[in-house]
Amino acid sequence: MSAGRDFINQVIAEIENSVLKPLEDIESSAEGILEGLSERMNIEKPRVIATVNQTNECVEYIDRGQECQAITGKYFPEESIILINYRMDMNTLLHLFAHHVHAVEVGKAKYARVRRLEELRLPWELRPTEVVAMYRTTQIVRMLQPRDWRVYNEEIKPRIKEIDEKLNSVRFTVNYIERQVEHILSGRRSI
């Protein structure tokens, strides 16, 4: 039993080191970019959560337009959280930050109500909050410092590549465990 427990601990350590740690690094670097922008705009900094899961601004709705899927993340105004897929690009980060800026300006509760109604009524590209975010993104890009681009290119991009390289290995190991469990269960059923 000890050998099995050691193997499981090894797999968990692999997940933590190969996936969770690089995700945390992406979060930290993205928050660093947004912290500078937030300070320049004199607003609170949002929290960033990076995920391996597929996510975009239309994840809960039927609207599956290509434009919407290009924003590989989602903004949660009530919590001031920007959720990003780990493969995000700078446009996604800034677009979601533009939502945050808008929410802070009009009030998070009001923004959340308006946003929910828009999502129910309109396709992504016709939502006023999206039009504002698109416009604001162009303004925010002009505020970026060379350091922000360096952080993206030298800190975030290498973590994206690292996760891409290690994700399949981790999945293979977990699938191996799953097959072993199925094999043991099928053997027990025949008893």
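1. Start with the sheet: three strands make an open sheet, ordered E1-E3-E2, with mixed pairing. Strands here are DSSP E runs of at least two residues, helices are H or I runs of at least four, and both are numbered from the N terminus. Two strands pair if DSSP finds at least two bridges between them. At the edges sit strand E1 (47-51) and strand E2 (73-76), each pairing on one side only. On average, neighbouring strands of this sheet are turned by 15 degrees against each other, direction ignored.

2. A word on the source: this is a predicted model, with local features needing pLDDT of at least 70 and side-chain atom pairs counting only at pLDDT 80 or more, while totals for chains, interfaces and linings use all residues. Residues are numbered from 1 along each chain as its sequence is written, and side-chain values use heavy atoms, leaving out hydrogens and water.

3. E1 and strand E3 (residues 81-85) run parallel in their pairing, over five bridges. Ile49 is opposite Leu83 in E3. Helix H3 (residues 90-106) packs on the sheet and touches E2 and E3; contact means heavy atoms within 4.5 Å. The direction of H3 makes about 15 degrees with that of E2, using lines fitted to C-alpha atoms (for helices over the stretch in contact) and angles from 0 to 180 degrees between N-to-C directions.

4. Have a look at Arg115 in helix H4 (residues 108-121). Arg115 counts as buried because its relative accessibility is 9%; buried means under 20% relative accessible area, exposed over 50%, partly exposed in between (1.4 Å probe, protein chains only). Leaving aside residues up to four places away in sequence, Arg115 touches Glu57, His99, Arg127, Thr129 and Glu130.
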